[in-house]
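Work through the exercises below with the sequence and the model side by side. Try each task before you read its solution.

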Amino acid sequence: MTPSRPYLTRALYEWILDNGMTPYIPVDVENEEVVVPTQYVEGGRIVLNVNPSAVQNLQLGNELIELDARFSGQPMHVSVPVMSVMAIYARENGKGMVFTEEGDGGDEPPT
């Protein structure tokens, strides 16, 4: 089966917005395809605020998450492979989902 992470990310993004909260996405920047402002990376991670008021041109695709945002007033195009997304949660209450490599829809259900 295809990975569930992009589908779950989109669904939880909508759920968080529908509840009036702010969606945050922590990203593992170890993947060389991740394009983010490196000065905001801490411990190999960056947390992106993907609220519609904070970003433009957000695309939650099956392979990539892309957006335009400002970091300290400087515009930047951000590109993140979906498999580098570690979680998606609401800033206000922490509700959301943490993704694991093992539990990403590729495993067969128990028999």
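**Exercise 1.** Decide whether Asn51 is buried, partly exposed or exposed, and find what it touches.

*Solution.* Start with the model itself. It is predicted, so local features need pLDDT of at least 70, side-chain atom pairs count only at pLDDT 80 or more, and totals for chains, interfaces and linings use all residues. Residues are numbered from 1 along each chain as its sequence is written, and side-chain values use heavy atoms, with hydrogens and water left out.

Step 1: recall the cut-offs. Buried means under 20% relative accessible area, exposed means over 50%, and partly exposed lies in between (1.4 Å probe, protein chains only).
Step 2: apply them. Asn51 has 15% relative accessibility, so it counts as buried.
Step 3: Asn51 belongs to the loop between β2 and β3. Strands are DSSP runs of E, at least two residues long, numbered from the N terminus.
Step 4: list the contacts (heavy atoms within 4.5 Å). Neighbours within four places in sequence aside, Asn51 touches Leu17, Met21, Thr22 and Pro23.

**Exercise 2.** Work out the strand order of the open sheet and say which strands stand at its edges.

*Solution.* Step 1: apply the pairing rule. Two strands pair if DSSP finds at least two bridges between them.
Step 1: read the order. The open sheet has 3 strands, β3-β4-β5, and the pairing is antiparallel.
Step 2: find the edges. β3 (55–60) and β5 (74–81) each have a single partner strand, so one side of each lacks a neighbour in the sheet.
Step 3: check one pairing. β3 and β4 (residues 64–71) are joined by 4 bridges. Gln56 stands opposite Asp68 in β4.

**Exercise 3.** Describe the 2 aromatic pairs of the structure.

*Solution.* Step 1: know what to report. A pair of aromatic rings is described by the distance of the centres and the angle of the planes. Rings of Phe, Tyr and Trp (its six-membered ring) pair if their centres lie within 6.5 Å; planes under 30 degrees apart are stacked, over 60 edge-to-face, and the rest tilted.
Step 1: take Tyr24 and Tyr89. Their centres are 6.0 Å apart, with 65° between the planes, and the pair is edge-to-face. Tyr24 lies in β1 (residues 23–28) and Tyr89 in β6 (residues 87–90), so the pair ties together parts 65 residues apart in sequence. Tyr24 is buried at 19% relative accessibility. Tyr89 is partly exposed at 24%.
Step 2: take Tyr40 and Phe71. This pair is tilted, at 5.6 Å centre to centre and 35° between the planes. Tyr40 is in the loop between β1 and β2 (45–49) and Phe71 is in β4, so parts 31 residues apart in sequence are tied together. Tyr40 is partly exposed at 31%. Phe71 is buried at 16%.

**Exercise 4.** Find the partner of Arg91 in a salt bridge.

*Solution.* A salt bridge needs a side-chain nitrogen of Lys or Arg within 4 Å of a carboxyl oxygen of Asp or Glu.
Step 1: name the partner. Arg91 bridges to Glu92, and the closest N and O atoms are 3.2 Å apart. The structure holds 1 salt bridge.
Step 2: check accessibility. Arg91 is partly exposed at 46%. Glu92 is partly exposed at 38%.
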